[in-house]
Amino acid sequence: MTMKQQVLPHATLVSRKQITDDLIAIKLKPDQSMAFKPGQYCTLGLDGIERAYSIVSGSHEAELEIFVELVPLPVGVLTPKIWEMKEGDRISIRPRCKGIFTLDRKAHSHLMVSTVTGIAPFISMLRTYIFEGNTGDCFYLIQGASYADEFAYDTEINQMISDSDVNITYVTTVSRPTEQRNTEWTGEVGRANAIVEKYIDQFGLSSDTCLVYTCGHPGMIEDVKQKLGPRGFKVKEERYWKD
């Protein structure tokens, strides 16, 4: 049986939450259980088109949560099809989740830098870390977006900060502060990569004890590596490419 003839497992769309016009969070119920490590990705497909998506869910959750950005045609191929899905619709899913962008338990200080949907694997890591009752590590999240309404998980992260015993610091920054959608924004401004050194110094992070994780736009990742590499920081990366 060739790859094209292979019958893949499927998952059912059980919920869909509209974040903005081009951002949704969906939950999928796979036909078979899917074991994965926080930070890994699953491969979804429709009409023979497949793409990899980081998993938002903690590893203890039965449903797979995915944070999806619409990339319109003709550049986008799969996301426009996902946008048309309704609850109860089916999507193929490869039986194994993959990826090495996982939490390094040898480090105890974790700086996590993301752009918009790049927050996904970090939510998975935090949900799992808290669910398992772990403590002792420090997490510093810096998330950048064009607009304030793109921080889909800010409420959950702030709830983690207030309800758990885990040391979490969360910084959000918008790169278009003068636009109408950001008129009520009073927080940090600029791209995530532009402010990362400022907050490393503010948090007092050292390359000897802190591991840096970057997820999202390739340009952000490259800039963070160029800034932090000379300072001795080890940088893990997970790049998101346009569909």
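Colleague: Hi! Which side chain meets Glu 188 in a salt bridge?

Modeller: Lys 198 does, with N and O 2.8 Å apart. A salt bridge here is a side-chain nitrogen of Lys or Arg within 4 Å of a carboxyl oxygen of Asp or Glu. Please keep in mind that this is a predicted model, where local features need pLDDT of at least 70, side-chain atom pairs count only at pLDDT 80 or more, and totals for chains, interfaces and linings use all residues. Residues are numbered from 1 along each chain as its sequence is written, and side-chain values use heavy atoms, with hydrogens and water left out.

Colleague: Which residues of α4 are buried?

Modeller: Ala 192, Asn 193, Ile 195, Val 196, Tyr 199, Ile 200 and Phe 203. They sit on the same side of α4, because they cover an arc of only 155 degrees around the axis; the arc is taken from the directions from the helix axis to the C-beta atoms. On the other side, Ala 194, Asp 201 and Gln 202 are exposed.

Colleague: What does Asp 201 pair with in a salt bridge?

Modeller: Its partner is Arg 231, at 2.7 Å from N to O. Arg 231 is in the loop between α5 and β12, 30 residues away from Asp 201.

Colleague: New topic! What order do the strands of the open sheet follow?

Modeller: The 6 strands run β10-β9-β8-β7-β11-β12, with parallel pairing. Two strands pair if DSSP finds at least two bridges between them. The edge strands, β10 and β12, each pair on one side only.

Colleague: What about His 110, where is that found?

Modeller: His 110 is in strand β7, and it counts as buried at 0% relative accessibility. Its side chain makes a polar contact with the side chain of Asp 137 at 2.8 Å. A polar contact is a pair of N or O atoms within 3.5 Å; within protein, one must be able to donate a hydrogen and the other to accept it, and residues adjacent in sequence count only if both atoms are side-chain atoms.

Terms used. Helices (H or I, at least four residues) and strands (E, at least two) are DSSP runs, numbered from the N terminus. Buried means under 20% relative accessible area, exposed over 50%, partly exposed in between (1.4 Å probe, protein chains only).
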